[in-house]
Amino acid sequence: MEVCYQLPVLPLDRPVPKHVLSRRGAISFSSSSSLFGAPDPRQLSQRRGAISYDSSDQTALYIRMLARLGCGSTSTSAPERRVHRLLSFQRYLHSSRLLRGIPQQMPLHILDEDYTGQARCMLDKVGNWNFDIFLFDRLTNGNSLITLTFHLLNQYGLVELFQLDMVKLWRFLVMVQEDYHSDNPYHNAVHAADVTQAMYCYMREPKLAKSLTSYDILLGLLAAATHDLDHPGVNQPFLIKTDHYLASLYRNTSVLENHHWKSAVGLLRETGLFSHMPPEDSRSMERDLGSLILATDISQQNEYLSRFRLHLDQQNLSLTSASHRHFILQMALKCADICNPCRPWELSKQWSEKVTEEFFQQGDIEKKHHLEVSPLCDRETNSVGNIQIGFMTYVAEPLFAEWARFSDTRLSQTMLGHMGLNKASWGGLQQELSSASEEADPTTAATKDGDTAGTTEGTSSKEIPQGSNVS
């Protein structure tokens, strides 16, 4: 049954409603922020990140204490300071948001009918693997994650089936999009929208389409949309070596993924999206959401891949089993998260440049603070091509080869084909760069080929995201 819906329209001559407000990220590495140890209390007063729900966690209690005692800047009004002291660090209630007024930046802007019409036309082809998320983001004026996720939930009839309140759902999606850091070159809301679209493509594959329940589909879409929520733009090793409070809070284990999960749970609870469900059901949804998001930890890649390969070798995957379906959802989300090398070259190249720039920005921060520069993060010794060739060889290709064994479809073959072509394209660009370098400095010609090969071949699946030494 086709479900008709209409997105909320905000009139041009009226201000944006107070429930549509932007919020700053919990983690900042600007020159004015605190790099080591606990965050600046002023930052804590501005951000309401869902850090922990464990009342026995001493770090979380310390952070809550700072949130209550550190009451913002000197320009904050007395009534607002009292609100900061009374409310917990987890998140402000909606009522506190009304006291803060409308910020200068407005996250939602009105689209004219031409742009809205083009966006709707693109949504008609949202299941195509060559879906251009960058164009869609422009057509929705930077609201690709909200629009895409809202559309997919309605297309599956999940809003009606789970009796989701439309206002709460819309508010949840707005807040999710706002909690992605738009200044991150890669880990931003557009990446989340791209992963959500890829997840939709995978869930439409024949094996999954005939086996997944409505609960599985809802969980998969929400996990894709929130899997990198409030990402700081740096990796886990950076947080650990700078003694960041998140690393201490999560004991140096899946630090970012745990934060993404708890942030998503915080938004679900703040908006009350599942408040109409029995408490056991909502808690189960939160746990399963965390299980999917935690699976995207790239440091656990070999563990998940070995388990997937073993299932395929033994041919014992049964999608009638809830646990097996959940495992396949984990693998699907892992594929969606790193599917950029499998996109057409015009899209894949843009993603490659964005993720590499984010690596390099982390390296710039490390240099500025006299820290050891993480591998792949030094813009003076690394290139987009070498990083991407290494990532494809040691991370993407093994994963997608096993996915093709599980789901041997046209889409799987298309993805493998694109990855092969993209890898060859980066190799060609690397050769051009090497030739140009040799012409500019002939004295390096004898050693250039060996250096390039060593950089590519010495990269392992854990070295790419984790920042360990490249041999």
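Reader: Which residues have the most contacts inside the largest nonpolar core?

Author: A word on the source comes before the reply. This is a predicted model, in which local features need pLDDT of at least 70 and side-chain atom pairs count only at pLDDT 80 or more, while totals for chains, interfaces and linings use all residues. Residues are numbered from 1 along each chain as its sequence is written, and side-chain values use heavy atoms, with hydrogens and water left out.

A nonpolar core is a set of buried Ala, Val, Leu, Ile, Met, Phe, Trp, Tyr and Cys residues joined through side-chain atoms within 4.5 Å. Buried means under 20% relative accessible area, exposed means over 50%, and partly exposed lies in between (1.4 Å probe, protein chains only). Here the largest core has 102 residues, and W129, I133, Y202, F274, F400 and W403 have the most contacts inside it. Helix α10, residues 189-203, gives the most to this core, with 11 residues. A second, separate core of 12 residues includes F238, Y245, V255 and L256.

Reader: What does W403 contact, apart from its neighbours within four places in sequence?

Author: Contact means heavy atoms within 4.5 Å. With those neighbours left aside, W403 is in contact with Y202, L208, F308, I328, M331, A332, C335, S412 and M415.

Reader: How many helices and strands does the protein chain have?

Author: Helices (H or I, at least four residues) and strands (E, at least two) are DSSP runs, numbered from the N terminus. The protein chain has 23 helices and zero strands. Of its 471 residues, 54% are buried. Among contacts with a separation of 6 or more, 75% are between residues 24 or more positions apart.

Reader: How many disulfides does the structure hold?

Author: In general, a disulfide is a covalent bond between the sulfur atoms of two cysteines. The criterion is a pair of cysteine sulfur atoms within 2.5 Å. The structure holds zero disulfides. For C201, the closest cysteine sulfur is that of C339, which at 8.5 Å is too far for a bond. C335 is likewise in no disulfide, the nearest cysteine sulfur being that of C342, 8.0 Å away. C201 counts as buried because its relative accessibility is 3%, and C335 counts as buried at 0%.

Reader: Where is S144 placed, and which side chain does S144 join in a polar contact of 2.7 Å?

Author: A polar contact is a pair of N or O atoms within 3.5 Å; within protein, one must be able to donate a hydrogen and the other to accept it, and residues adjacent in sequence count only if both atoms are side-chain atoms. S144 is in helix α7, residues 144-155, and its side chain is joined to that of D137 by such a contact of 2.7 Å. With a relative accessibility of 1%, S144 counts as buried. Beyond residues up to four places away in sequence, S144 touches I133, F136, D137, Q177, V190 and A193.

N143 lies in the loop between α6 (133-139) and α7. The side chain of N143 makes a polar contact of 2.7 Å with the side chain of Q177, and N143 counts as buried at 5% relative accessibility.

Reader: How many salt bridges does a search of the whole structure find?

Author: A salt bridge is a side-chain nitrogen of Lys or Arg within 4 Å of a carboxyl oxygen of Asp or Glu. The search finds 14 salt bridges. One of them joins the side chains of E366 and K241 at 2.9 Å, N to O. This pair links distant parts of the chain, with E366 in helix α19 (residues 345-368) and K241 in helix α13 (residues 236-241), 125 residues apart. E366 is buried at 0% relative accessible area, whereas K241 is partly exposed at 33%.

K349 forms another salt bridge with E353, with the closest N and O atoms 2.6 Å apart. These two residues are separated by about one helical turn because they are four residues apart in helix α19.

Reader: D297 is buried: which side chain of opposite charge is nearest?

Author: Lys and Arg count as positive and Asp and Glu as negative; His and the chain ends are not counted. D297 has no salt bridge, and the nearest side chain of opposite charge, K334, is 7.5 Å away. D297 lies in the loop between α16 (279-294) and α17 (301-314).
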